[in-house]
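Here is a short report for a first look at this structure. Keep the sequence and the 3D view at hand while reading.

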Amino acid sequence: MSAIDYSDRIPNNVNLAGDRRLRRALEKWQPMFLDWWRSVGPQVWSNDEIYLRTAISAEPGGWANFGHVRMPDYRWGIFMAAPETDRVIPGGDDAGKAVWHDVPGEHRNALKRIIVVQADTEPASVEQQRWLAATAPSLYDARNLFQVNVEEARHLWAMVYLLHAHFGRDGRDEADELLERRSGDPDKPRILDAFNQPCADWMSFFCFTMFADRDGKYQLASLAESAFDPLSRTTRFMLTEEAHHLFVGDTGLDRIIARSAELTRVDPAGDARNQGGIDLPTIQKWINYWFSYCLDLFGSEVSTNAADAFAAGLKARFKEAANYTDHDAKNEIRELQRPTATGGLETFEVPLRLAMNEVLRDDYITDCDKSLVRWNKTLADAGLSDRLRLPNRRFFRRQGLYADAAFDLDGRPITAAEWDARVDDWLPTDADKAYVESLMVPVHEPGKVAHWIAPPRRGIHGHDLSYDYVRAEA
Ligand SMILES: [Fe+2]
Ligand SMILES: [Fe+2]
């Protein structure tokens with residue numbers, strides 16, 4: 001593995017110094033990236049010193065260097081995980097054969113599309129979150145938000161490198177367009193729907209990092225099993241950073257739940273809202289909304305695209321190489337359920353390869369459920385009998401088999417009239433949003449935390465909560 005050259009404008013372990021043409025192309029992209037960061041990246045404390053970790057190498061310990069840094073001076077680098085010796089294609093028709101170091105002509109367009117769709121989510125989330133620091137419940141939380149933001153921007157860099165290095169002219173055009181689309185813009189929206197949804201309050205931010213970043217974990221893990229080795233190594237390195245984003249979401253929600261439980265208990269009517277907190281039914285609505293939006297990110301239950309990508313080895317199942325023995329998956333079937341014309345559900349079978357999106361969605365749901373178990377333990381420890389849950393995968397879907405029918409939280413088919421009668425119990429209403437937004441008052445004093453959320457159990461990198469995670473200019 002090549003060492004980092006600090007004289008480089010772009011820290012990297014991909015030997016940019018040895019490729020002048022590529023380095024120049026990326027150095028040309030860099031000012032456009034910085035313009036993008038300034039205009040739609042974090043708009044609060046944008047020039048102050050933030051306690052951030054920076055990846056400066058892919059060696060153990062090198063990817064997490066902590067220090068105060070102004071975000072525009074952040075060193076966005078291009079890193080790949082170390083190559084695995086004798087790595088073979090994990091899944092599909094060519095499983096077991098040598099991996100590719102260059103893009104095969106016949107898979108060029110499909111691979112480019114996969115990379116662009118993944119890459120597009122990285123800047124989108126930064127755009128969605130750009131005003132949140134104005135209402136941060138603590139400096140600790142503001143710092144975590146910024147950490148997520150700078151790393152999503154680094155993920156953009158990592159994907160743009162692949163586009164520049166392996167896809168020629170159209171790769172460069174795609175890299176430019178990644179800076180031109182905007183989250184929520186009707187004329188030039190981001191590619192995936194969940195990345196065009198507003199993220200206006202901190203409970204949404206924690207749901208986003210819990211559910212959307214976790215979708216990212218599974219998409220990246222699926223690409224880590226790619227036959228295209230540079231994509232596999234790039235996404236493996238991104239996954240090391242992604243774990244912190246998931247931690248931010250999971251623990252952020254756990255802290256809201258802990259405070260909600262405490263306030264529910266002290267309120268004579270058992271309503272945390274009376275005590276200035278967020279009541280559990282409202283938390284449940286945010287979970288219902290974000291979880292179902294994020295399920296859509298996995299794509300249709302039956303998908304020829306997914307089957308083709310698996311067959312070609314472009315991506316594979318979660319931990320394909322380690323967790324499966326039959327890497328061909330050709331003679332297996334998968335049972336699915338679909339709505340019937342008479343308002344019921346029927347089971348049908350498809351070849352497993354056609355159901356690869358659903359297989360990845362299963363792993364994601366299992367992972368989400370682990371957080372629910374932890375949050376419910378928080379409720380039990382607080383002496384409450386209330387529990388939170390994930391809605392059924394059919395609830396409130398906008399894509400795939402369940403998009404055109406209505407289902408309740410248990411996944412039972414219901415009529416449109418039943419949906420209309422109950423939707424306000426299940427999804428955030430305008431009044432709920434207004435209430436949650438009313439709680440979003442900034443707490444920007446070191447060591448202090450907003451009333452509606454419990455303090456974190458510990459600070460960052462051995463520091464306590466009162467550490468100056470954000471050093472605002474006087
Ligand atoms: Fe990311
Ligand atoms: Fe992330």
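## Helix lengths

The expected span of a helix is 1.5 Å times one less than its number of residues. Keep in mind that this is a predicted model. Take helix H3, residues 139-166. Its 28 residues should span 40 Å at 1.5 Å a residue, and its end C-alpha atoms are 41 Å apart, which agrees.

Is H3 mostly covered or mostly open? H3 is mostly covered, with 26 of its 28 residues buried. Just after H3 comes Gly168, with a positive phi of about 55 degrees.

Which residues of H1 are buried? They are Leu26, Trp29, Phe33 and Trp37. An α-helix has 3.6 residues a turn, so residues three or four places apart point the same way. The buried residues of H1 pack against H3 and against helix H4, residues 168-178.

## H5 beside H7

Helix H5 covers residues 202-224, and helix H7 covers residues 280-296. Their axes come within 9 Å and cross at roughly 30 degrees. Angles under 35 degrees count as roughly parallel, so H5 is roughly parallel to H7. The crossing of H5 and H7 is right-handed.

Which residues make the contact between H5 and H7? From H5 come Met203, Ser204, Cys207, Phe208, Phe211, Ala212 and Asp215. From H7 come Trp286, Ile287, Trp290, Phe291 and Cys294. Sorted by class, this contact of H5 with H7 has 10 nonpolar residues, one polar and one charged.

## H6 beside H10

Helix H6 runs over residues 229-266, and helix H10 over residues 356-381. The two axes come within 9 Å and cross at roughly 25 degrees. That angle makes H6 roughly parallel to H10. H6 and H10 cross in a right-handed way.

On the H6 side, the contact holds Asp250, Leu253, Asp254, Ile257, Ala258 and Ala261. On the H10 side it holds Ser371, Arg374, Trp375, Thr378 and Leu379. By class, the contact of H6 with H10 has six nonpolar, two polar and three charged residues.

## Leu263, a buried residue of H6

Leu263 is also found in H6. Is Leu263 buried or exposed? A residue is buried if 20 or more other C-beta atoms lie within 10 Å of its own. Leu263 has 21 such atoms, so Leu263 is buried.

Leaving aside residues up to four places away in sequence, Leu263 touches Ala272, Gln275 and Gly277. Leu263 and Thr429 are 166 residues apart in sequence. In space, their C-alpha atoms are 22 Å apart.

## Two residues with positive phi

Most residues other than glycine have a negative phi. Lys319 has a positive phi, near 55 degrees. Where is Lys319? Its place is the loop between helix H8, residues 304-312, and helix H9, residues 320-323. Lys319 has 14 other C-beta atoms within 10 Å, so Lys319 is partly exposed.

Phe396 also has a positive phi, near 55 degrees. Phe396 lies in the loop between H10 and strand S5, residues 406-407. Phe396 is buried, because 23 other C-beta atoms lie within 10 Å.

Asp425 lies in helix H11, residues 416-426. Asp425 has 13 C-beta neighbours inside 10 Å, so Asp425 counts as partly exposed. Asp425 and Val443 are 18 residues apart along the chain. Their C-alpha atoms are separated by 31 Å.

Ala64 sits in the loop between strand S1, residues 49-54, and strand S2, residues 65-70. With 14 other C-beta atoms within 10 Å, Ala64 is partly exposed. How do Ala64 and Tyr161 stand in sequence and in space? They are 97 residues apart in sequence and 21 Å apart in space, C-alpha to C-alpha.

Terms used: Residues are numbered from 1 along each chain as its sequence is written. Chains are lettered from A and ligands numbered from 1 in the order in which they are written. This is a predicted model: local features need pLDDT of at least 70, side-chain atom pairs count only at pLDDT 80 or more; totals for chains, interfaces and linings use all residues. Axes are lines fitted to C-alpha atoms, for helices over the stretch in contact, and angles run from 0 to 180 degrees between N-to-C directions. Helices (H or I, at least four residues) and strands (E, at least two) are DSSP runs, numbered from the N terminus. Angles under 35 degrees count as roughly parallel, over 145 as roughly antiparallel, 65 to 115 as roughly perpendicular and the rest as oblique. A crossing is left-handed if the near helix is turned anticlockwise from the far one by less than a right angle, and right-handed if clockwise. Two residues are in contact if their C-beta atoms, placed from the backbone, lie within 7 Å. Ala, Val, Leu, Ile, Met, Phe, Trp, Tyr, Cys and Pro count as nonpolar, Asp, Glu, Lys and Arg as charged, and the others, Gly among them, as polar. A residue is buried if 20 or more other C-beta atoms lie within 10 Å of its own, exposed if 12 or fewer, and partly exposed in between; C-beta atoms are placed from the backbone.
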